[in-house]
Amino acid sequence: MKKMLNVALPKGRLGEKVYDMFEKAGFECPSIKENNRKLIFENEEAGVRYFWVKPSDVAIYVERGAADVGVAGKDILLEYKPDVYELLDLDIGKCRMAVAAKKDFRDDNQRTLRVATKFTNIASQYYLSKGRDIDIIHLNGSIEIAPILDLSDVIVDIVETGTTLKENNLEVFETIVPISARLIANKTSFRFKSESIEKIVSEIAAQTEVKK
Ligand code: PRP
């Protein structure tokens, strides 16, 4: 029996773009476009099985080998440092990790800075590198509310178009790091399914080259 390649796709618009890249790379699975409730799709002939997972969970599936490859944002890789190979920058899902605050915010170095974020490791590491004392406040979403209600002085969050900040009268103070989607692989799969993984890497690398 042919070895199936298990692919974890981030559910949502980004995942659909990623599927199109895999399809062009020769791993088509047309049924994936016909049903939007099912979570697992396979095409035995092409030797591929796809599953839709929450974007922030892709790296967990790949790290533990439930998926051989997947696509995760650089934000997740920096935050959780999963033990996986990062094979390729897909040049999609581009945004940045940034510090934002109310427009009138002025940093006072004498005081501990209150930082609200979903990305506590990225934020802690960033301020540690600057030697700045912070009080970290972990939130799960709607981070933009924190400075408005004076729960925090600043937020560390993802900024894509900047619309969410603007609509809430916040602005970017510093950019921490640019973010984009990355192709990742399980370390064992990379050895034992090297043929199909190498094919994906070279075909998708060629697609992103063409785009540039
Ligand atoms: C992210 C981020 C911001 C927003 C930024 O949230 O947390 O709220 O996108 O995008 P913009 O600059 O284009 O407005 P996401 O939609 O991923 O959901 P979340 O609230 O669960 O983080």
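Contact here means heavy atoms within 4.5 Å. This is a predicted model, where local features need pLDDT of at least 70 and side-chain atom pairs count only at pLDDT 80 or more, while totals for chains, interfaces and linings use all residues. Residues are numbered from 1 along each chain as its sequence is written, and side-chain values use heavy atoms, with hydrogens and water left out.

**View 1. Lys193 and its contacts.** Leave aside the neighbours within four places in sequence, and Lys193 is in contact with Lys3, Met4, Leu5, Asn6 and Asp68. You'll find Lys193 in the loop between α7 (187-192) and α8 (194-211); helices (H or I, at least four residues) and strands (E, at least two) are DSSP runs, numbered from the N terminus. Is Lys193 buried or exposed? Lys193 is buried, with a relative accessible area of 18%. The cut-offs go like this: buried is under 20% relative accessible area, exposed is over 50%, and partly exposed is in between (1.4 Å probe, protein chains only). The side chain of Lys193 has a polar contact of 2.8 Å with the side chain of Asp68, and it also reaches the backbone oxygen of Met4 at 2.6 Å. A polar contact is a pair of N or O atoms within 3.5 Å; within protein, one must be able to donate a hydrogen and the other to accept it, and residues adjacent in sequence count only if both atoms are side-chain atoms.

**View 2. Strands β7 and β8 side by side.** Strand β7 (residues 113-117) is mostly covered, with 4 of its 5 residues buried. How do β7 and β8 (residues 134-138) pair, parallel or antiparallel? They pair in the parallel sense, over 5 bridges; two strands count as paired if DSSP finds at least two bridges between them. Look for Leu113, whose bridge partner in β8 is Ile134.

**View 3. The salt bridge of Asp107 and Arg132.** The side chains of Asp107 and Arg132 meet in a salt bridge (2.6 Å, N to O). Asp107 sits in the loop between β6 (95-102) and β7, and Arg132 in the loop between α4 (120-129) and β8, so this pair ties together parts that are 25 residues apart in sequence. A salt bridge is a side-chain nitrogen of Lys or Arg within 4 Å of a carboxyl oxygen of Asp or Glu, and by this rule the count comes to 12. Arg132 is buried at 12% relative accessible area, whereas Asp107 is partly exposed at 42%.

**View 4. The salt bridge of Glu174 and Lys130.** Here the side chains of Glu174 and Lys130 meet at 3.0 Å, N to O. Glu174 belongs to strand β10 (residues 170-179) and Lys130 to the loop between α4 and β8, so the pair ties together parts 44 residues apart in sequence. Glu174 is partly exposed at 26% relative accessibility, and Lys130 is partly exposed too, at 45%. Which residues form a network of salt bridges that share partners? They are Lys74, Glu86, Asp89 and Arg182.

**View 5. The salt bridge of Arg49 and Glu42.** The side chains of Arg49 and Glu42 form a salt bridge at 2.8 Å, N to O. Arg49 counts as partly exposed, at 24% relative accessibility, and Glu42 counts as partly exposed at 40%.
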